[in-house]
Amino acid sequence: MSRPLFAEIDLSAMRHNLEVARAHAPRSRTWCVVKANAYGHSLVRALRAFDQSDGLALIEPEAAQQLRELGWVKPILLLEGCFDMDDVVLAQTRNIQVAVHCREQIEMIERSPLAEPLDVHLKMNSGMNRLGFVPAEYRQAHARLQACAKVRSIALMTHFANADDPANPGMPFAHQLRNFLDATDGLPGARNLANSAADLLHPQACADWVRPGIMLYGGTPGMHSAEYFGLRPAMTLRSQIISVQTVAPGGAVGYGSRFVAKETMRIGVVACGYADGYPRHAPDGTPVLVNGARTGIVGRVSMDMLMVDLTRLPDAGMGSEVVLWGDGLPIDEVAAAAGTIGYELMCALAPRVRVVETGNAPI
(Lines give C-alpha, C1' and ligand atoms only; values in the text may rest on other atoms or scores of the structure.)
Protein backbone atom coordinates (compact mmCIF):
# COMPACT_ATOMS: atom_id res chain seq x y z
CA MET A 1 0.00 0.00 0.00
CA SER A 2 1.13 3.53 -0.77
CA ARG A 3 0.74 6.69 1.23
CA PRO A 4 -2.48 8.28 -0.06
CA LEU A 5 -0.84 11.48 -1.29
CA PHE A 6 -0.36 11.87 -5.03
CA ALA A 7 -0.17 14.55 -7.70
CA GLU A 8 -2.40 14.11 -10.70
CA ILE A 9 -0.88 15.63 -13.86
CA ASP A 10 -3.39 16.21 -16.66
CA LEU A 11 -1.60 16.32 -20.01
CA SER A 12 -4.82 17.18 -21.82
CA ALA A 13 -5.07 20.33 -19.67
CA MET A 14 -1.52 21.27 -20.65
CA ARG A 15 -2.40 20.84 -24.32
CA HIS A 16 -5.56 22.90 -23.85
CA ASN A 17 -3.63 25.70 -22.16
CA LEU A 18 -1.14 25.80 -25.04
CA GLU A 19 -4.05 26.28 -27.42
CA VAL A 20 -5.29 29.18 -25.27
CA ALA A 21 -1.85 30.78 -25.56
CA ARG A 22 -1.80 30.30 -29.31
CA ALA A 23 -5.33 31.65 -29.72
CA HIS A 24 -4.27 34.90 -28.02
CA ALA A 25 -1.29 35.25 -30.36
CA PRO A 26 -2.43 33.66 -33.63
CA ARG A 27 0.30 35.25 -35.74
CA SER A 28 3.14 34.32 -33.38
CA ARG A 29 5.22 31.20 -32.99
CA THR A 30 5.30 29.75 -29.49
CA TRP A 31 8.13 28.90 -27.13
CA CYS A 32 6.67 26.70 -24.39
CA VAL A 33 8.67 27.45 -21.24
CA VAL A 34 9.67 24.19 -19.52
CA LYS A 35 12.30 25.40 -17.03
CA ALA A 36 12.41 23.99 -13.49
CA ASN A 37 11.43 20.53 -14.75
CA ALA A 38 8.44 22.03 -16.54
CA TYR A 39 7.32 23.91 -13.43
CA GLY A 40 7.32 20.66 -11.50
CA HIS A 41 5.34 18.71 -14.13
CA SER A 42 8.44 16.95 -15.66
CA LEU A 43 10.26 17.47 -18.91
CA VAL A 44 9.09 14.14 -20.27
CA ARG A 45 5.44 15.06 -19.77
CA ALA A 46 5.97 18.55 -21.16
CA LEU A 47 7.57 17.15 -24.30
CA ARG A 48 4.51 14.96 -24.84
CA ALA A 49 1.93 17.62 -23.97
CA PHE A 50 3.59 20.42 -25.97
CA ASP A 51 4.49 18.42 -29.06
CA GLN A 52 2.57 20.94 -31.20
CA SER A 53 4.56 23.93 -29.96
CA ASP A 54 7.13 25.61 -32.20
CA GLY A 55 9.90 25.33 -29.61
CA LEU A 56 10.75 24.68 -25.97
CA ALA A 57 12.53 27.22 -23.75
CA LEU A 58 14.32 26.64 -20.45
CA ILE A 59 17.44 27.70 -18.57
CA GLU A 60 19.25 24.45 -17.76
CA PRO A 61 21.77 23.30 -20.41
CA GLU A 62 21.67 19.72 -19.14
CA ALA A 63 17.88 19.68 -19.49
CA ALA A 64 18.18 21.03 -23.04
CA GLN A 65 20.48 18.14 -23.83
CA GLN A 66 17.97 15.76 -22.26
CA LEU A 67 15.24 17.09 -24.54
CA ARG A 68 17.39 16.26 -27.57
CA GLU A 69 18.08 12.79 -26.19
CA LEU A 70 14.34 12.29 -25.71
CA GLY A 71 13.82 12.98 -29.41
CA TRP A 72 12.80 16.66 -29.55
CA VAL A 73 14.00 17.94 -32.95
CA LYS A 74 12.35 21.36 -33.04
CA PRO A 75 14.00 24.52 -31.64
CA ILE A 76 15.24 24.78 -28.06
CA LEU A 77 16.16 28.09 -26.43
CA LEU A 78 18.33 28.63 -23.35
CA LEU A 79 16.69 31.68 -21.78
CA GLU A 80 19.74 32.65 -19.69
CA GLY A 81 22.22 31.64 -22.36
CA CYS A 82 25.53 29.93 -21.69
CA PHE A 83 27.20 29.81 -18.30
CA ASP A 84 30.59 28.59 -19.53
CA MET A 85 32.42 27.49 -22.68
CA ASP A 86 31.14 23.92 -22.39
CA ASP A 87 27.61 25.28 -22.76
CA VAL A 88 28.58 27.15 -25.92
CA VAL A 89 29.93 23.94 -27.44
CA LEU A 90 26.85 22.01 -26.30
CA ALA A 91 24.57 24.61 -27.90
CA GLN A 92 26.35 24.27 -31.22
CA THR A 93 26.57 20.48 -31.25
CA ARG A 94 22.94 20.03 -30.15
CA ASN A 95 21.54 22.90 -32.27
CA ILE A 96 20.32 24.86 -29.26
CA GLN A 97 19.59 28.58 -29.49
CA VAL A 98 20.94 30.80 -26.72
CA ALA A 99 20.11 34.11 -25.11
CA VAL A 100 22.95 36.63 -24.89
CA HIS A 101 22.54 39.14 -22.08
CA CYS A 102 26.06 40.42 -21.29
CA ARG A 103 29.44 41.21 -22.84
CA GLU A 104 31.02 38.14 -21.25
CA GLN A 105 28.66 35.87 -23.17
CA ILE A 106 29.56 37.60 -26.43
CA GLU A 107 33.22 37.09 -25.62
CA MET A 108 32.63 33.39 -24.94
CA ILE A 109 31.06 32.98 -28.36
CA GLU A 110 33.86 34.93 -30.04
CA ARG A 111 36.51 32.75 -28.37
CA SER A 112 34.68 29.46 -28.87
CA PRO A 113 35.99 26.68 -31.14
CA LEU A 114 32.67 26.30 -32.96
CA ALA A 115 32.44 24.37 -36.20
CA GLU A 116 29.04 25.88 -37.00
CA PRO A 117 27.51 29.24 -36.00
CA LEU A 118 24.86 29.76 -33.31
CA ASP A 119 21.39 31.28 -33.37
CA VAL A 120 21.24 33.83 -30.56
CA HIS A 121 18.59 35.96 -28.88
CA LEU A 122 20.03 39.29 -27.83
CA LYS A 123 18.38 40.30 -24.58
CA MET A 124 17.56 43.88 -23.71
CA ASN A 125 17.21 45.23 -20.20
CA SER A 126 14.20 47.37 -21.09
CA GLY A 127 13.43 48.24 -17.47
CA MET A 128 13.38 45.11 -15.33
CA ASN A 129 17.05 45.56 -14.40
CA ARG A 130 17.78 41.88 -14.15
CA LEU A 131 19.45 40.61 -17.34
CA GLY A 132 20.28 42.24 -20.65
CA PHE A 133 21.87 45.22 -22.33
CA VAL A 134 20.34 48.62 -21.55
CA PRO A 135 18.82 50.35 -24.59
CA ALA A 136 21.80 52.71 -25.01
CA GLU A 137 24.17 49.72 -25.35
CA TYR A 138 21.90 47.40 -27.31
CA ARG A 139 22.81 48.41 -30.86
CA GLN A 140 26.51 48.16 -30.13
CA ALA A 141 26.01 44.62 -28.81
CA HIS A 142 23.93 43.78 -31.87
CA ALA A 143 26.63 45.07 -34.21
CA ARG A 144 29.28 43.04 -32.40
CA LEU A 145 27.26 39.86 -32.79
CA GLN A 146 26.57 40.67 -36.46
CA ALA A 147 30.31 40.91 -37.03
CA CYS A 148 30.98 37.55 -35.37
CA ALA A 149 31.37 34.64 -37.80
CA LYS A 150 30.19 32.26 -35.05
CA VAL A 151 26.72 33.81 -35.01
CA ARG A 152 24.18 32.80 -37.66
CA SER A 153 21.10 34.80 -36.64
CA ILE A 154 20.13 37.35 -34.00
CA ALA A 155 16.65 37.52 -32.53
CA LEU A 156 15.64 40.49 -30.37
CA MET A 157 14.41 39.69 -26.88
CA THR A 158 13.26 41.29 -23.64
CA HIS A 159 11.28 40.34 -20.54
CA PHE A 160 8.47 42.33 -18.91
CA ALA A 161 8.50 43.12 -15.22
CA ASN A 162 4.83 44.06 -14.88
CA ALA A 163 2.78 42.71 -17.78
CA ASP A 164 0.25 41.58 -15.16
CA ASP A 165 0.20 45.05 -13.59
CA PRO A 166 0.52 47.46 -16.52
CA ALA A 167 0.10 50.65 -14.49
CA ASN A 168 2.77 49.70 -11.96
CA PRO A 169 4.50 52.99 -11.06
CA GLY A 170 7.89 51.31 -10.71
CA MET A 171 7.90 50.33 -14.37
CA PRO A 172 4.71 50.78 -16.41
CA PHE A 173 4.28 48.12 -19.07
CA ALA A 174 3.82 50.65 -21.87
CA HIS A 175 7.06 52.39 -20.93
CA GLN A 176 9.02 49.16 -20.99
CA LEU A 177 7.52 48.16 -24.34
CA ARG A 178 8.35 51.58 -25.77
CA ASN A 179 11.93 51.25 -24.57
CA PHE A 180 12.24 48.01 -26.50
CA LEU A 181 10.54 49.24 -29.66
CA ASP A 182 12.58 52.43 -29.82
CA ALA A 183 15.90 50.70 -29.23
CA THR A 184 15.22 47.99 -31.83
CA ASP A 185 13.68 50.22 -34.50
CA GLY A 186 15.16 49.22 -37.85
CA LEU A 187 17.17 46.29 -36.51
CA PRO A 188 16.73 42.98 -38.34
CA GLY A 189 15.69 39.85 -36.49
CA ALA A 190 12.65 38.12 -35.04
CA ARG A 191 11.10 39.74 -31.97
CA ASN A 192 10.69 37.59 -28.83
CA LEU A 193 8.86 39.50 -26.08
CA ALA A 194 5.62 38.21 -24.58
CA ASN A 195 5.45 36.08 -21.43
CA SER A 196 2.17 34.57 -20.21
CA ALA A 197 0.74 37.86 -18.96
CA ALA A 198 1.66 39.73 -22.14
CA ASP A 199 0.27 36.91 -24.28
CA LEU A 200 -3.07 37.08 -22.48
CA LEU A 201 -3.36 40.83 -21.89
CA HIS A 202 -1.24 42.77 -24.39
CA PRO A 203 -1.65 41.69 -28.04
CA GLN A 204 0.60 44.57 -29.11
CA ALA A 205 3.51 42.71 -27.50
CA CYS A 206 2.83 39.41 -29.29
CA ALA A 207 5.42 39.67 -32.02
CA ASP A 208 7.20 36.88 -33.93
CA TRP A 209 7.46 34.66 -30.85
CA VAL A 210 5.61 34.42 -27.52
CA ARG A 211 6.92 32.65 -24.41
CA PRO A 212 4.02 31.30 -22.31
CA GLY A 213 5.07 29.77 -19.03
CA ILE A 214 2.81 29.61 -15.97
CA MET A 215 -0.37 29.69 -18.06
CA LEU A 216 0.57 26.38 -19.71
CA TYR A 217 0.23 24.67 -16.34
CA GLY A 218 -3.07 26.28 -15.41
CA GLY A 219 -1.78 29.07 -13.20
CA THR A 220 -2.66 32.70 -13.66
CA PRO A 221 0.05 35.27 -14.37
CA GLY A 222 -2.02 37.89 -12.54
CA MET A 223 -4.91 40.36 -12.77
CA HIS A 224 -7.55 37.67 -13.29
CA SER A 225 -8.09 34.06 -12.29
CA ALA A 226 -6.93 31.16 -14.43
CA GLU A 227 -10.59 30.25 -14.96
CA TYR A 228 -11.24 33.76 -16.31
CA PHE A 229 -8.66 33.12 -19.03
CA GLY A 230 -10.11 29.68 -19.79
CA LEU A 231 -7.11 27.84 -18.37
CA ARG A 232 -7.37 24.38 -16.82
CA PRO A 233 -5.31 23.15 -13.85
CA ALA A 234 -2.61 20.71 -14.93
CA MET A 235 -1.62 19.60 -11.41
CA THR A 236 -4.01 18.44 -8.71
CA LEU A 237 -2.52 17.47 -5.36
CA ARG A 238 -4.75 14.86 -3.71
CA SER A 239 -4.64 13.06 -0.38
CA GLN A 240 -6.90 11.60 2.31
CA ILE A 241 -7.86 12.06 5.94
CA ILE A 242 -5.77 9.57 7.93
CA SER A 243 -7.01 10.41 11.44
CA VAL A 244 -9.75 12.39 13.17
CA GLN A 245 -9.41 14.08 16.56
CA THR A 246 -12.06 15.74 18.68
CA VAL A 247 -10.66 18.87 20.32
CA ALA A 248 -12.40 20.53 23.27
CA PRO A 249 -12.68 24.32 23.63
CA GLY A 250 -9.29 25.69 24.62
CA GLY A 251 -7.45 22.73 23.08
CA ALA A 252 -4.48 23.55 20.86
CA VAL A 253 -3.61 21.92 17.54
CA GLY A 254 -0.18 21.23 16.09
CA TYR A 255 3.38 22.36 16.73
CA GLY A 256 3.68 25.60 18.63
CA SER A 257 -0.02 25.39 19.64
CA ARG A 258 -0.72 28.18 17.16
CA PHE A 259 -4.39 27.30 16.75
CA VAL A 260 -6.63 27.11 19.82
CA ALA A 261 -10.19 25.83 19.47
CA LYS A 262 -12.97 28.19 20.58
CA GLU A 263 -15.56 25.41 20.43
CA THR A 264 -15.59 21.63 20.29
CA MET A 265 -14.09 20.77 16.93
CA ARG A 266 -13.47 17.75 14.72
CA ILE A 267 -9.97 17.95 13.29
CA GLY A 268 -8.92 15.85 10.31
CA VAL A 269 -5.28 14.91 9.81
CA VAL A 270 -4.21 14.91 6.14
CA ALA A 271 -1.29 12.97 4.71
CA CYS A 272 0.60 15.96 3.30
CA GLY A 273 3.23 18.25 4.77
CA TYR A 274 6.02 20.61 3.94
CA ALA A 275 8.32 17.72 2.96
CA ASP A 276 5.84 17.11 0.13
CA GLY A 277 5.95 20.72 -1.05
CA TYR A 278 3.01 22.16 0.85
CA PRO A 279 3.96 25.59 2.26
CA ARG A 280 4.85 25.37 5.93
CA HIS A 281 3.92 29.02 6.43
CA ALA A 282 0.30 28.51 5.27
CA PRO A 283 -1.94 30.21 7.87
CA ASP A 284 -5.09 28.97 9.52
CA GLY A 285 -7.93 29.03 7.04
CA THR A 286 -5.87 28.26 3.94
CA PRO A 287 -8.49 26.52 1.78
CA VAL A 288 -8.69 22.80 1.11
CA LEU A 289 -11.47 20.59 -0.24
CA VAL A 290 -12.66 17.56 1.72
CA ASN A 291 -15.06 15.34 -0.23
CA GLY A 292 -15.54 18.34 -2.51
CA ALA A 293 -16.56 20.68 0.32
CA ARG A 294 -14.46 23.70 1.20
CA THR A 295 -12.84 24.02 4.59
CA GLY A 296 -9.51 25.31 5.91
CA ILE A 297 -6.34 24.16 7.58
CA VAL A 298 -5.79 24.67 11.30
CA GLY A 299 -2.49 24.75 13.11
CA ARG A 300 1.03 24.70 11.78
CA VAL A 301 1.84 22.48 8.80
CA SER A 302 4.28 19.76 9.85
CA MET A 303 6.71 17.70 7.79
CA ASP A 304 4.32 14.92 6.84
CA MET A 305 0.87 16.08 7.92
CA LEU A 306 -1.46 19.02 8.12
CA MET A 307 -4.74 19.44 9.95
CA VAL A 308 -8.10 20.62 8.65
CA ASP A 309 -11.38 21.66 10.24
CA LEU A 310 -14.08 18.99 9.82
CA THR A 311 -16.47 20.47 12.39
CA ARG A 312 -19.13 21.37 9.84
CA LEU A 313 -18.46 18.40 7.58
CA PRO A 314 -20.18 15.60 9.53
CA ASP A 315 -19.84 13.07 6.71
CA ALA A 316 -16.07 13.51 6.46
CA GLY A 317 -13.79 11.10 8.25
CA MET A 318 -11.10 8.49 7.79
CA GLY A 319 -10.38 7.99 4.11
CA SER A 320 -12.20 11.11 2.92
CA GLU A 321 -10.68 12.59 -0.22
CA VAL A 322 -8.74 15.83 0.16
CA VAL A 323 -7.74 18.22 -2.64
CA LEU A 324 -4.88 20.50 -1.59
CA TRP A 325 -4.91 22.38 -4.91
CA GLY A 326 -5.96 21.86 -8.49
CA ASP A 327 -9.29 20.43 -9.59
CA GLY A 328 -11.95 22.60 -7.94
CA LEU A 329 -9.43 24.61 -5.91
CA PRO A 330 -7.16 26.95 -7.89
CA ILE A 331 -3.52 26.68 -6.95
CA ASP A 332 -3.26 30.46 -7.06
CA GLU A 333 -5.91 30.78 -4.35
CA VAL A 334 -3.97 28.45 -2.07
CA ALA A 335 -0.75 30.28 -2.87
CA ALA A 336 -2.29 33.69 -2.15
CA ALA A 337 -3.55 32.48 1.22
CA ALA A 338 -0.02 31.30 2.02
CA GLY A 339 1.57 34.57 0.90
CA THR A 340 3.28 33.14 -2.18
CA ILE A 341 2.52 32.41 -5.84
CA GLY A 342 1.34 29.34 -7.69
CA TYR A 343 4.68 29.03 -9.49
CA GLU A 344 6.41 28.24 -6.20
CA LEU A 345 3.92 25.56 -5.18
CA MET A 346 4.19 23.79 -8.53
CA CYS A 347 7.98 23.87 -8.53
CA ALA A 348 8.20 22.75 -4.90
CA LEU A 349 6.42 19.43 -5.42
CA ALA A 350 8.70 16.94 -3.68
CA PRO A 351 10.18 13.85 -5.34
CA ARG A 352 8.52 11.56 -2.79
CA VAL A 353 5.05 12.54 -4.02
CA ARG A 354 3.64 9.89 -6.36
CA VAL A 355 2.55 11.20 -9.75
CA VAL A 356 -0.39 9.84 -11.74
CA GLU A 357 -0.94 10.94 -15.35
CA THR A 358 -4.30 11.58 -16.93
CA GLY A 359 -5.19 12.82 -20.39
CA ASN A 360 -2.19 11.03 -21.86
CA ALA A 361 -0.79 12.69 -24.96
CA PRO A 362 1.47 10.57 -27.20
CA ILE A 363 4.64 11.99 -28.75
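These are my notebook entries on a predicted model.

**Helix α4**

I began with helix α4, residues 61-69. Which of its residues are buried? I found Pro61, Ala63, Ala64, Leu67 and Arg68 buried. Looking down the axis of α4, I saw these buried residues fall within an arc of 160°, so they line one face of the helix.

Next I asked what the buried residues of α4 pack against. I listed α3 (43-49), β3 (55-58), β4 (76-78) and α5 (85-93). After α4 comes glycine 71, with a positive phi near 105°.

**Aspartate 87**

I moved on to helix α5, where aspartate 87 lies. I put aspartate 87 down as buried, because its relative accessibility is 11% and the cut-off for buried is under 20%. Setting aside neighbours within four places in sequence, aspartate 87 is in contact with Pro61 and Cys82. A polar atom of the aspartate 87 side chain lies 2.8 Å from the backbone nitrogen of phenylalanine 83. I also checked methionine 108: it is 21 residues from aspartate 87 in sequence, and the C-alpha atoms are 9.8 Å apart.

**Histidine 41**

Is histidine 41 buried or exposed? I found it buried, with a relative accessible area of 0%. Histidine 41 sits in the loop between α2 (35-39) and α3. Leaving out neighbours within four places in sequence, its contacts are Ile9, Met14, Tyr217, Ala234, Met235 and Met346.

**Cysteines**

How many disulfides does the structure hold? I counted zero. For cysteine 102, the nearest cysteine sulfur is that of cysteine 82, 10 Å away. Cysteine 102 counts as buried at 19% relative accessibility. The sulfur of cysteine 148 is 12 Å from the closest cysteine sulfur, in cysteine 82, which is too far for a bond. Cysteine 148 is buried too, at 11%.

**Cores**

I then looked at the largest nonpolar core, which has 104 residues. Val34, Phe50, Tyr278 and Leu324 touch the most other members. A second, separate core has nine residues, among them Ala261, Met265, Ile267 and Val298. I followed up on leucine 324. Not counting residues up to four places away in sequence, leucine 324 touches several residues, including Leu237, Val270, Tyr278, Leu306 and Val334.

**Salt bridges**

I found 18 salt bridges in the structure.

Arginine 232 pairs with aspartate 10, the closest N and O atoms being 3.4 Å apart. Arginine 232 is in the loop between β9 (209-210) and β10 (235-247), and aspartate 10 is in strand β1, so the pair ties together parts 222 residues apart in sequence. Arginine 232 is partly exposed at 32%, whereas aspartate 10 is buried at 15%.

Aspartate 51 meets arginine 15 at 2.5 Å, N to O. Aspartate 51 is in the loop between α3 and β3, and arginine 15 is in helix α1, 36 residues apart. I noted aspartate 51 as buried at 15% and arginine 15 as partly exposed at 27%.

Glutamate 357 pairs with arginine 48, with the closest N and O atoms 3.0 Å apart. Glutamate 357 lies in strand β18 and arginine 48 in helix α3, so this pair ties together parts 309 residues apart in sequence.

Last, I noted a network: salt bridges that share partners join Arg3, Asp276, Asp304 and Arg352.

Conventions: Residues are numbered from 1 along each chain as its sequence is written. This is a predicted model: local features need pLDDT of at least 70, side-chain atom pairs count only at pLDDT 80 or more; totals for chains, interfaces and linings use all residues. Side-chain values use heavy atoms; hydrogens and water are left out. Buried means under 20% relative accessible area, exposed over 50%, partly exposed in between (1.4 Å probe, protein chains only). Helices (H or I, at least four residues) and strands (E, at least two) are DSSP runs, numbered from the N terminus. The arc is that of the directions from the helix axis to the C-beta atoms. Contact means heavy atoms within 4.5 Å. A polar contact is a pair of N or O atoms within 3.5 Å; within protein, one must be able to donate a hydrogen and the other to accept it, and residues adjacent in sequence count only if both atoms are side-chain atoms. A disulfide is a pair of cysteine sulfur atoms within 2.5 Å. A nonpolar core is a set of buried Ala, Val, Leu, Ile, Met, Phe, Trp, Tyr and Cys residues joined through side-chain atoms within 4.5 Å. A salt bridge is a side-chain nitrogen of Lys or Arg within 4 Å of a carboxyl oxygen of Asp or Glu.
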